[in-house]
Amino acid sequence: MEGDIAEMGKFIGAGLATIGLGGAGIGVGNIAASYLSGALRNPSAAPGQLATLFVGIAFAEALGIFSFLIALLLMFAA
C-alpha cells in the first residue's frame, strides 16, 4: 500500500512538471508572433532580427526541455 502511494506521487509530480512544456510552447508562439509583427511593420529590418529570433526560441525551448527532464527524473529515478 505504501509503495503504491509513493508511485502515485511520482506520476503526479511528473505530470505537474510537464506543465512547463505548455509554457514553452506558448513562449515560442509569442516570440514568433512578435517577430512576424515586426517584420511586417518594417520588412527591411527583419533580416537583422533573425538571429535574435532564434536565440529567443532556443531559450524558450530550453526551459521546456528542462521541465521534461525533471519529469523523467521524477518518474524513473530512485
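Residues 24 or more positions apart account for 81% of the contacts in the chain with a separation of 6 or more, a contact being defined by heavy atoms within 4.5 Å. The structure is a predicted model, in which local features need pLDDT of at least 70 and side-chain atom pairs count only at pLDDT 80 or more, whereas totals for chains, interfaces and linings use all residues. Residues are numbered from 1 along each chain as its sequence is written, and side-chain values use heavy atoms, with hydrogens and water left out.

The chain holds 3 helices and 0 strands, in the order α-α-α from the N terminus; helices (H or I, at least four residues) and strands (E, at least two) are DSSP runs numbered from the N terminus. The C-alpha trace spans about 65 × 15 × 5 Å along its principal axes.

Of the 78 residues, 14% count as buried, where buried means under 20% relative accessible area, calculated with a 1.4 Å probe and protein chains only.

Ala17 lies in helix H1, which comprises residues 2-17, and is buried, with a relative accessible area of 17%. Leaving aside neighbours within four places in sequence, Ala17 is in contact with Ser67, Ile70, Ala71 and Leu74. Between Ala17 and Leu69, which are 52 residues apart in sequence, the C-alpha to C-alpha distance is 8.9 Å.

Definitions and conventions. Buried means under 20% relative accessible area, exposed over 50%, partly exposed in between (1.4 Å probe, protein chains only).
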